[in-house]
Structure formats: structure tokens, C-alpha cells
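Please keep the sequence and the model in view while reading.

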Amino acid sequence: MSSKKQTIAILDAGAQYGKVIDRRIRELSVRSELLPFNTSAKKLAQYGAVIISGGPESVYNKTAPEYDAALFSTKVPILGICYGMQVMNYQANGVIERKSTREDGQHEVELKNDCALFKGLSDREVVLMSHGDTVDQVGEGFSVTAKSGDLIAGIANEAKKQYGVQFHPEVDLTEHGRHILENFVFAVAALEPTFTIENREEQAIKHIKKTVGDRHVLLLVSGGIDSTVAAVLLGKAIEPEKLHLLHVDSGLMRKEESAQVAKALAAVGLKLHVVDATQEFLEATTEIDGKQTVTLTEALNPEVKRKIIGDTFIAVADREVARLQLPENEVVLGQGTLRPDLIESASETVSATAQTIKTHHNDTALVRRLRAANRVVEPLSEYHKDEVRQLAEELGLPAELVWRQPFPGPGLGIRILCANKPYKTKDFKQVAKQAAGFSTGSHQVALLPVRTVGVQGDGRTYSYLVGVFGSADWQTLFQLARDIPKTIHAVNRVAYFWGDAPTTADSQQITSTTVTKKTLTQLRAADAIVMEELLRYDLVRGISQVPVVLVPLSFGKTGARSIALRTIMTNDFMTGKPALPGEDIPIAVLTTMVERILSEVQGVERVCYDVTSKPPATTEWE
Ligand code: XMP
């Protein structure tokens, strides 16, 4: 059978979910390709199946993206998601209606589970909806397979193997989305899971050899899994003396992180050149809009910290690269870029912002010249994150490294919430009163004088944190985290604090905090405790990321600070939920973390657990 017949074509109508679909399909060991929406039906008919992803347009708009309607007359199985379902229905002479209200967020839908797409599911499932238009009347040959209240949430023409869903099976917030995709790929389209990791490793090595020839390769190794795996693959493909691996230790790394990476690479015969620049980073400043900033140690604003750290990274790396005295015309730049980074998304996502920042970290003068000259090799460009991990395991990298959770470029620098006074806007009292209104007999709710980053509506916010004290009844706490930011827009994050409820006056105290050796030591110690416990209980894989944050809240104790435990469960890194204690993370593990932090980390008097989803909060606090 031709390889196209074993490949799924994903048509991206400009949705933010296209690359997530791609990833999901590859997780099923099936090859997928993202193609323009207007790809010809003739070409698409050669594929094993087609998935049309959502987009911001309405099918009736003149600006709606063009496509080849003949696709719907071919025999190729089609899954239309969101906008894709509307196009499918429209082409079958169905009616789409613009509703005055949008349906966004998690909803329960009723499913007909005798439909091939929904086999094995319950008749009610929780899914993520995000749309304005809806199908009002189904097209010829189609029937309704799912409903969200009165709205049509799924349609099918089983004879033609055409299926549409108004929700997003590809994201985490659709609880059994993977099952739906499996049904489509294996039961409906009858593809086989033959696109394996070994297959991909071989291709990566071949690709490196072809791109690099006998030139040198320079790779900046961050400490994360991507660049480490890129280093190992490069090591397999080219001669050791032509591979130059550089790691800048900014002092903002986790405990023993730099040493671990060097050790893991040494174990596979690769030498990592490590530069210790801790002091240099703390004292660093940079220019923003022509003005010199304060030093990192004095900075309060997270974006200023990011810029200082990013620019210092470049300066240090530049200097070290110069020291290597590489023959410039003979050098290729290695990059740990993953497949999703390369898939262009029309939408402004939060991860896109993070990506810009990451790129910034690799932006040294030589790197820029090499990139401009197209002298770049990206051995992981065919992989998604989970595949990189799978590969890392097969390459024999140690578990702590393989399962190391994504860590932001600026490292612990943006996990220390900096402030020199309580954050109180003019309406603090009024907002505090509203927040206190959520208190119950078993919970005290208090507005806290710090702010963190969130995503609300279409943009990023920088708003208040609310603390909940009292009984650790997690279902109620999670509900409060949904309700409070919905009602009080000045709040984007809610955290549960262990310990007694503070007095109002105490809850408004902070300890002046910036990035210093001392605060870094506090945070690194707390972070290491959390990591140790997660590893001990084998929880690192199940929970995507666990940022540990040092927060200036002192609750009236002079010089004291707090630690926030932020867990996020996500596969798409665009939306996510905190791990539910008692279900996703044993309560005993949390208790151990809290007790150990309070007894082992000097100056930390309180620990809290972030109970907010993303949105309205983000993964990181800054
Ligand atoms: P948020 O906090 O926006 O984070 O939900 C999404 C993902 O991006 C990571 N992140 C960063 N990565 N530099 C990075 O390299 C940064 O400045 C940065 N800020 C956030 C975050 O850890 C999460 O994985």
C-alpha cells in the first residue's frame, strides 16, 4: 500500500488546534501531514483519511478560506472538526446558523454511541466546545449523532464515511477525545499503526548526515530534554570532534540540573562544555527602549527579568562560542526545534509567545548568522514532545532527564514572584469584599496583595490571587476556582493554603522579594523536594508540569515567604487543569511535600496549592 494511503491529511483552516490534531494522530503511530485548506480533492483522495480542523471563519463569509468542494464527493473518509463540520454540512446543502451567543468551554454532550465514531463511549461525554456558528439543519445523507442541549454537536453520513463534530476531540478538555480519534483512524479509515519511533530515529539520523555533510555542528544545550536528545542524535550521526555542545549555567537552573545533563551526555560519549555564569546573571542589566535596566537582582517586573536573562544568555553564549574558534564557513547550527514549533498557526496562542521567548534564548550573533544563511539542522523537527521522550528512553537517557518537565528558558528567575510592596489597586477593598463573599462555613476566602499572569478572554492578564483557607475539600475548592474568576474579573488565580486562616491584616503582608542567591536557594530547595516526591511516587509522567513558585506573601511573619505548588495536566499546553488531589495526585504525597517544605526550607512559612485551570490562569505564575 502506498505511504499516502497510510497517512492522514490534516487541512488547517487556521485553527489554533491544527498542530494538536497532528500530534494526536502521530501518538497513534500514524503518519500525518498538515496541508493547506485549498489542497486539491485529487491530491487529498490519495490519503488514507482527511481531517478538517476548525477555523475562525463562518462558512457564509466571503473571507472564508477556499477549499476544493469536490473533496466531499471522493471516497476518502473525512472527519470535520468544528468549522470542518460546518463546511461538510454546508456542502451537503445543510444549513448553518450564526448564533448570537458563543458556546465556549467544557460542556456535556449527548452522543449516539452506535455511530462508528463514538463506539465504546458513554451516551453523555464531557467535551470542549468553542464556536459561534452551529449546524441548524443537517445536509443530505447526514444524521445527527450528538447534541449539546438543543444544539447539534455531531453529524454523520456513515455510508460516505463522513463525520463531523462541533467540539474538539483533540484537546485534553474533551475527556475521551483520543478514543474518538482512534475510532476514526482505525475503525472508520482502517489505517494501521505502523509509523513507529525507530522508523523516525533512522530518518532523523539520515537527515542530519545529509544536511551537515562533513561540517561542524554547534548546539546550545539548555538542560531540557529536547536539546539533550538533539545532542545525542547529532552524536550518532557525526564525528565527535565536529560536534560542539555548549551549556550556559545561569544559576537559575534546578538543583544539579547542569551536572545531570553533562553526566548523561558523558555516558553516551559526548562532551558538554559547561560555563558557570551564576554571578554574571545576578548582576546583569540590559537595555529596554534605549534605557538601561536595573540588575536582575533588583528587577520586579517579570518581562524585564525575562529580557535581562535572555540578553545575558546571548552575551555569555556569544563569548563562549567565540572562544571555540570554530571555522565559521564550516559550521551548521543544531536546534532542538520540535514539529509543533514548525507548524505555523494562524492564531496568537500563549505558547506562541513562549516560543518567541525561547527563540530569543538561542539568538547569539553566530546563531543568527547561521540561521540567516539557512545553515541549520533540526534533528527533532519530525517529533512532538512525547515522541522525544520515547526516543530519549530508547537512547538510554536516565529517567530523571527523560521525564524532566518542560522548564522555561528564564528558569527559576520567573518562578520567584518579585515585589517590594503589597499589590493593591484603588479598588482593592471592593474586590476583597467581593472575594470574601465566597467564604462559607468551612472556607475563608481572602484577596491577596500579589498578582500573577493569566489568560482571560482573548488576552493575557496580570491580576489578583485569591487565597482559600479551611477544609481541604478539593471538589469544592476546584469549584471555587471556577466561580471566583468568572464573577470577579480582577482575579485570575485561586490557591488553597494549608494552615489556619490568617487575620485580614496578616493576609495583606508581604516580604520584599527579588531574585537573589538567598531566594534562589529557597526556591531550589522547595523545587527539589517536590521533584523528589514526584519521582518517588512516579507522578512525573502523569502531571505535565509542576512549577514551584516562591511568593512574597508573609502572612504577618517578618521575613517569611510562601511556596506555591502549581500542577498542570495538559497534552496540548494550551489548556490545562490542575491535578486533582486524591485522584491525580495522592493526598499523602501533597502532605509530605508540604511538611518537608515547611521543615526543610528556611524562611518558608506557608504552602499553597494552585487550584485554577488554564484559562483563566496560566501554567506559570509570571
Ligand atoms: P504559560 O504560563 O503561558 O506557559 O501557561 C506555557 C508554557 O510555556 C512555558 N513558558 C516559558 N518558556 N520561556 C520559556 O522558554 C518563558 O519565558 C516562558 N514562560 C512560560 C511554560 O513553562 C509552559 O510550559
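Two strands are said to pair if DSSP finds at least two bridges between them. In this predicted model, strand β19 (residues 491–497) and strand β22 (residues 604–610) meet that condition, since they pair in the antiparallel sense over three bridges. Within this pairing, Y496 stands opposite Y609 in β22.

The two strands belong to an open sheet of six strands, arranged in the order β17-β18-β19-β22-β21-β20 with mixed pairing. At its edges stand β17 (443–456) and β20 (548–551); each has a single partner strand, so one side of each is left without a neighbour in the sheet. On average, and with direction ignored, neighbouring strands of this sheet are turned by 30° against each other. Helix α18 (residues 517–536) lies across β20, β21 (561–565) and β22, and runs at about 145° to β20.

The discussion now turns to the interior. In soluble globular proteins, nonpolar side chains tend to be buried together. Here, the largest nonpolar core comprises 116 residues, and those with the most contacts inside it are V229, W474, L534, I563, L565, I585 and I597. Helix α6 (residues 225–237) gives the most to this core, contributing eight residues. When neighbours within four places in sequence are left aside, L534 is in contact with L539, V540, I543, V546, I585 and M593. A second, separate core of 33 residues includes A146, F167, I180 and L191.

Helix α6 also contains A230. Is this residue, A230, buried or exposed? Its relative accessible area is 0%, and because buried means under 20%, A230 counts as buried. Apart from neighbours within four places in sequence, the contacts of A230 are with L219, G336, P379 and L380. The C-alpha atoms of A230 and A204 are separated by 9.6 Å, the two residues being 26 residues apart along the chain.

The final step concerns the packing of this helix. Two packed helices are described by the angle between their axes and the distance between the axes. For α6 and helix α13 (residues 385–394), the angle is about 50° and the axes are 10 Å apart. That angle makes α6 oblique to α13. The crossing of α6 and α13 is left-handed. On the α6 side, the contact is made by I225, D226, V229 and L233, and on the α13 side by K385, V388, L391 and A392. Of these, V229 is also listed among the residues with the most contacts inside the largest nonpolar core.

Note on methods. Residues are numbered from 1 along each chain as its sequence is written. This is a predicted model: local features need pLDDT of at least 70, side-chain atom pairs count only at pLDDT 80 or more; totals for chains, interfaces and linings use all residues. Side-chain values use heavy atoms; hydrogens and water are left out. Helices (H or I, at least four residues) and strands (E, at least two) are DSSP runs, numbered from the N terminus. Axes are lines fitted to C-alpha atoms, for helices over the stretch in contact, and angles run from 0 to 180 degrees between N-to-C directions. Contact means heavy atoms within 4.5 Å. A nonpolar core is a set of buried Ala, Val, Leu, Ile, Met, Phe, Trp, Tyr and Cys residues joined through side-chain atoms within 4.5 Å. Buried means under 20% relative accessible area, exposed over 50%, partly exposed in between (1.4 Å probe, protein chains only). Angles under 35 degrees count as roughly parallel, over 145 as roughly antiparallel, 65 to 115 as roughly perpendicular and the rest as oblique. A crossing is left-handed if the near helix is turned anticlockwise from the far one by less than a right angle, and right-handed if clockwise.
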